[in-house]
Structures are given as structure tokens and as C-alpha cells.
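Dear colleague,

Please find below the structure I promised to pass on to you, followed by an account of what was found in it. I would be grateful if you could read the notes with the structure open beside them.

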Amino acid sequence: MKTVIYYFTGTGNSLAAARKIAGALGETELVPIASLADTPGAVTPAADRVGIVCPVYDCGVPVMVARFAERLDLSGAEYTFAVVTMGGIGVSALHQLDRILRERQGRKLDAAFAVKMPGNFPPLMRSVPGEKCGKTLGRADRRLTEIAEAIGSGRSVSPGFEPVSWLMNTLSYGSLAKSAHNAGERFLVSDACTGCGTCVRVCPAGNLTLVDGRPVWGRKCEICCACLHFCPTEAIQLHVMLGTEGRGRYRHPDLTVADMKAQRGASGENRS
Ligand SMILES: Cc1cc2nc3c(=O)[nH]c(=O)nc-3n(C[C@H](O)[C@H](O)[C@H](O)COP(=O)(O)O)c2cc1C
């Protein structure tokens, strides 16, 4: 049985989850959603089993993922699933994906799963030191083994209901979805910037350019915070809520700059 998994990641949790599931299922193609962001029309996977793996943002899904789901033609799929990775709460992101697929494609999710992984939004979630982070990743790995087994056996799994997640989605996801693309205005660069261009290379939205050796954000930010977490000198700060100074940086231990650059596919090849 052939599987396609479409994924989006800012700091590697969702890519690690997608890779783990792919490894367990076998014969699975991993396709970055960012590589399809600038392509027109419907996306029609040639696979029996189709999944989406992505992070939770404000108890919903990243804007790029929501737009992608609207274009995903699942008429040929026998089994569909979604897995969201999150710092704490967010199963309403799965309800959001299910709703989009029902409304746009007349097709529901057969199975929906959430998995807790280290949080990567420093204005609210302080990055935790190695040992604690390792424990969280160990638990996530075991949960992903169960998820892969459920998917492999074609089980129907409902996402469940979390009142707090529903409330947060209702109260704050709308404003995130409306303002995300302009969030670049909230990132600031300090004199610690060396102009190395790592932030440009890792942005899955292709939203950064270097101007006079300094990053400049455009108007298609997804607030994934990859630029901030990958900056080798911690020169990038995000000025919302508690800010990001001294709040640590995170990336999944298996994630590389090349993985991030690959997310943009061919459309990212001309970037520095
Ligand atoms: C803008 C933003 C909003 C977030 N909102 C939530 C949230 O509502 N609930 C939650 O549990 N985690 C939230 N997180 C944390 C991520 O969902 C979590 O760390 C995820 O595993 C990151 O996946 P990635 O490494 O694939 O990007 C948020 C992260 C970002 C950057």
C-alpha cells in the first residue's frame, strides 16, 4: 500500500514525526507542503493512504497548511490521516483540518492524532534543557510508534475533544491566521548578526532576504520561528508577549539546515 505524507515543520518535530511514521509504514513518500505553496490548482496524490503532519499554532494549523488542505484532492485515497505535533494542547487543529477536508473535498479524516513534543514558541514556551527535552522526545517516540501501528492497520481514530483547545482556537486562531503573514514586522535583529544567511536558508516560506548583510522579512511569514531558532548567534528576537531574549532556542536534534532548505523544493533553489 503506497502512502504519501505531506508535512510542514519549523523546528523539526513534525518532520521527525513524519519520518518515524514513514519508516514504520514502508513505501512512503514524504512531500514538503512548502514545496507546493506556489503551485496552482488541486494537489492529487497518487497513493492509497494520504496523511498530513504539521505543528499546532494557536490551537489551529499553520496558514500554509490550511491553504494546502483546501487544495488536497482525496477522491482517490482509501485512507486519510493527520498527525499534529504540539507543545501542550491543540487537538482542535485536527478538527480544523477535518472541517476543511469535509467542506472543500467532501472527504473526512479517517484517523487523527496529536503528539506532545517540545514547545518551540519562546514568547510563551521557554526551551527546556537537554535532559528534560530528551524525556519529552522519548515519550513522543513511543506515542508515534502507537500512531504508526494504528495507521498501518487502517484504524479509525477520532481526535477527541479538549475544551481549552477549542476555546483557544475560537478566541485566538482567527487573529493568528489574519496577521501571520505580516509577523515579520515583529522580528528584530541585533548587532550579533554576522550576515551568515542561515535564517534565509531555513525559512520554509521563502520569506527572508539579506539586504546589506542583514535579514529582511517579507509578507509571507508563517511564524514558524525557524529563523530565530537556527540563528547561530541568537541575533534574532521576536517581540510579542514575553519576548525571546534569554528564553532559549530549540530545534529537534535530527534536524539540519539542509532538511529545512529542502522544504522549499525547487522553488527554494535560487535562494542563498
Ligand atoms: C506560532 C506558534 C504557535 C504555537 N501554538 C501552540 C499551541 O497553540 N499549542 C501547543 O501545544 N503548541 C503550540 N506551539 C508549539 C508547536 O506546536 C510545537 O512545538 C510543535 O511541535 C512544533 O513543530 P515543528 O518543530 O514541526 O515546527 C506553537 C508554536 C508556534 C511557533
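The domain assignment of the chain gives two parts, domain 1 (3-170) and domain 2 (180-267), and please keep in mind throughout that this is a predicted model. The C-alpha centres of domain 1 and domain 2 lie 22 Å apart, and the contact between them takes 23 residues from domain 1 and 30 residues from domain 2. On the side of domain 1 that touches domain 2, the elements giving two or more residues are α1 and α2 (63-71), with the largest share, three residues, coming from α1. Sorted by class, that side of domain 1 holds 14 nonpolar, seven polar and two charged residues.

The ligand is the next point to look at. Both domain 1 (3-170) and domain 2 (180-267) give residues to the shell around the ligand, so the ligand lies between them. This shell has 26 residues, and the closest are G10, N13, S14, P55 and M86. By class, the shell divides into 12 nonpolar residues, 13 polar residues and one charged residue. At least two residues of the shell come from α1 (13-25), and at least two from β4 (79-86).

After α1 comes G26, whose phi is positive, near 75°.

S92 is placed in helix α3 (residues 92-105), and it counts as buried because it has 28 C-beta neighbours inside 10 Å, where 20 or more are required. Leaving aside residues up to four places away in sequence, S92 touches C59, G60, E162, S165, W166 and N169. The C-alpha atoms of S92 and A112, which are 20 residues apart along the chain, are separated by 11 Å.

For α3 as a whole, the 14 residues should span 20 Å at 1.5 Å a residue, and the end C-alpha atoms are 19 Å apart, which agrees. Its buried residues are S92, A93, L94, H95, Q96, L97, D98, I100 and L101, and the buried residues of α3 pack against β3 (49-55), α2, β4, β5 (111-116) and α5 (163-179). Just after α3, G106 takes a positive phi of about 60°.

Finally, some figures for the chain as a whole. There are eight helices and nine strands in the chain, and buried residues make up 45% of its 272 residues. A compact globule with 272 residues would have a radius of gyration near 19 Å, and the 18 Å of the chain agrees with this. Taken along the principal axes, the C-alpha atoms fill a box of roughly 55 × 40 × 35 Å. Among contacts between residues at least 6 apart in sequence, 78% join residues at least 24 apart.

With best wishes

Methods. Residues numbered from 1 in each chain as written. Predicted model: local features only at pLDDT ≥ 70, side-chain atom pairs only at ≥ 80, totals over all residues. Helix = DSSP H or I, 4+ residues; strand = E, 2+ residues; numbered from the N terminus. Rg over C-alpha atoms; globule rule 2.2 N^0.38 Å. Buried ≥ 20, exposed ≤ 12 C-beta atoms within 10 Å, placed from the backbone. Contact = placed C-beta atoms within 7 Å. Near = placed C-beta within 6 Å. Nonpolar A, V, L, I, M, F, W, Y, C, P; charged D, E, K, R; others polar. Domains from an automatic or database assignment. Expected span 1.5 Å × (residues − 1).
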